[in-house]
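Dear colleague,

My notes on what was found in it follow.

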Amino acid sequence: MAVKINLKSKYWPLIKSLQTGLLLITGLAGYMSAKCPVLGWPTILGLTGSLFLAISGSTVLNMWYDRDIDAKMQRTSKRPLPSGRVSPREALLFGFLLSILGIGWALAIDLLYGIIVFAGLFFDVVVYTMWLKRRTAWSIVWGGIAGGMPVLAGRVLGIGYVDWVGVMLTLAVLFWIPTHILTFSMRYSDDYKRAGVPTFPSTYGFQTTRVVISISSVLAALAMGIAAYEVGLSWGFLRLIVVLSGGLLILAVVSMVRPSERTNFGLFKYASLYMLLAMVMLVAEAL
Amino acid sequence: MKKMTVLDRIVLLVTGLLAAYQVVVGVDNLETLAMISYTIAFGVLLVACLLLIILGWEILDSSLVVIVSTIIPLSLSLGLVSEYLPDFTTAYLVFVCVGFLAVVLTRYSAPGKVAVIVLAVVHGVAGMIIFLLPIVLSIRGETNPGFALVGVGGALIGIGGLLLSFLKTGKPIISREKIIALLPWLLLLMTACFVAGFSLS
């Protein structure tokens, strides 16, 4: 029992369960948006399992690579690697194991689906984390593209090819990711400076970053709205998306006109909730 | 400012979910204006609940609160007039537009008393319609008796509006803490009455 608790406290934080969970929901929503038979349990299980493993694997590999900057930042210094609870070698092996299992399972289910899941992992670990994150503030674009891969993968698994709706769903997540990363880079800008990571606030200033967050949130809502319409969401759910988008738009404008830490963080939370609810609606429509 | 408790958040979340449910199910066989009006009313209620949960009670200090809390009764009453008193729709739509503009303009440009009078008139008319129309219609047998619950919701929205107004004028008849403690429950009860009333109509 003690070993089980110890393993959980050591390894569970490595996968950022909340972020992994949200990306997993986008993958499921992408699949359900194709109005697939919900009771196709082997496929649902395969989708959930392979995505969970691949997303978790890429998160662990990111943590492994970023352990030096995590140690310099107050917000991340208590993570398992910088705090010494998990050794770099353990984390690397754990990350590889999860990634290989996830990608392998995904490829076994469907070749195109597997390739997209692999692309997500590659963009996230290699392009975003290893190549660009320490060089340019624009690395977030690749972080966004990587984050959009689970929903695209789910959609592709449902219909067998990449379509317009899949691209819109990907764009919705792509535009949502900067609201997440930029909000944190503003809130913890001293941390990022200390770690030497270039961010939008340190490169272009806080006001420009706020404008980018607001525009990005609105574009995410727009892409989600278009995707929901193209999927054929019922009028009731479309009305709800319009209402929630209105709230997001107002908050984005207030965030630009009367910027404050509270409003900016509120916009980030609202945009996250919006994305979650929109994905849940796609799932609910298929049920 | 009183910190929002977990229970407050849960009550607001349930209120938001009820409002979201009403937006999704809508009301059957309605012409466009009524549908848009009801969607705006419950949509604003939903977004307001989400913003309260996310940003806390501090947003009640914003000058926008009075404007937002005017949209709900105005749009709900417009939906009712459009659905049950179609002959008065155009006239009431004009009142709603002018009333809303007047509330917005006087909030920022007119002296305190004028703003309060305008707010009282606009809220009063909208509140009376929401309170009386469903009750009268159900007593006359023109709708299901359960529709009277919308009127009960109308009475509660009036109380909620009064409490918020007291909060904004800084001269509350009950303490700010009590108003804030009551508000989530009042919003929940009001929304539950509206949703139940519309589903029984």
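For helix packing, axes are lines fitted to C-alpha atoms over the stretch in contact, and the angle between N-to-C directions runs from 0 to 180 degrees. Please bear in mind that this is a predicted model.

Helices α12 and α13 of chain A

In these terms, α12(A) and α13(A) pack at about 170°, and their axes lie 10 Å apart. Angles over 145 degrees count as roughly antiparallel, and the two helices α12(A) and α13(A) are therefore roughly antiparallel to each other. Their crossing is left-handed. On the α12(A) side, the contact includes A:Phe237, A:Leu240, A:Ile241, A:Leu244 and A:Gly247; on the α13(A) side, the residues include A:Leu267, A:Tyr270, A:Tyr274, A:Leu277 and A:Met281. By class, the contact of α12(A) with α13(A) comprises 15 nonpolar, five polar and one charged residues.

A further residue of helix α12 of chain A is A:Val253. Because 13 other C-beta atoms lie within 10 Å, A:Val253 is partly exposed.

The contact between the chains

Between the chains, 12 residues of chain A are in contact with 12 residues of chain B. On the side of chain A that touches chain B, α12 and α13 of chain A each supply at least two residues. The greatest contribution to this side comes from α12(A), with seven residues. By class, the side of chain A that touches chain B has five nonpolar, four polar and three charged residues.

The crossing in which α12(A) passes α2(B) is right-handed. A:Arg239, A:Val243, A:Gly246 and A:Gly247 of α12(A) meet B:Thr39, B:Gly43, B:Leu46, B:Val47 and B:Leu50 of α2(B) in this contact. The contact of α12(A) with α2(B) has four nonpolar, four polar and one charged residues.

Helix α2 of chain B also holds B:Leu45. B:Leu45 counts as buried because it has 29 C-beta neighbours inside 10 Å. Leaving aside residues up to four places away in sequence, B:Leu45 touches B:Ala19, B:Ile72 and B:Thr191. B:Leu45 and B:Gly16 are 29 residues apart in sequence, yet 7.0 Å apart in space, C-alpha to C-alpha.

Helix α6 (residues 111-132) of chain A bends by about 30° at A:Phe123. A:Phe123 is itself buried in α6(A), as are A:Tyr113, A:Gly114, A:Ile116, A:Val117, A:Gly120, A:Leu121, A:Asp124, A:Val125, A:Tyr128 and A:Thr129. The cover over the buried residues of α6(A) includes α3 (41-65), α5 (88-109) and α7 (140-159) of chain A.

Finally, most residues other than glycine have a negative phi. A:Lys16 is not a glycine, although its phi is positive, at about 45°. A:Lys16 sits in the loop between α1 (2-11) and α2 (17-32) of chain A. With 18 other C-beta atoms within 10 Å, A:Lys16 is partly exposed.

With kind regards

Definitions and conventions: Residues numbered from 1 in each chain as written. Chains lettered and ligands numbered in written order. Predicted model: local features only at pLDDT ≥ 70, side-chain atom pairs only at ≥ 80, totals over all residues. Left-handed = near helix turned anticlockwise from the far one by under 90°. Helix = DSSP H or I, 4+ residues; strand = E, 2+ residues; numbered from the N terminus. Contact = placed C-beta atoms within 7 Å. Nonpolar A, V, L, I, M, F, W, Y, C, P; charged D, E, K, R; others polar. Bend = angle between axes of the 7 residues up to and from the residue. Buried ≥ 20, exposed ≤ 12 C-beta atoms within 10 Å, placed from the backbone. Parallel < 35°, antiparallel > 145°, perpendicular 65-115°, else oblique.
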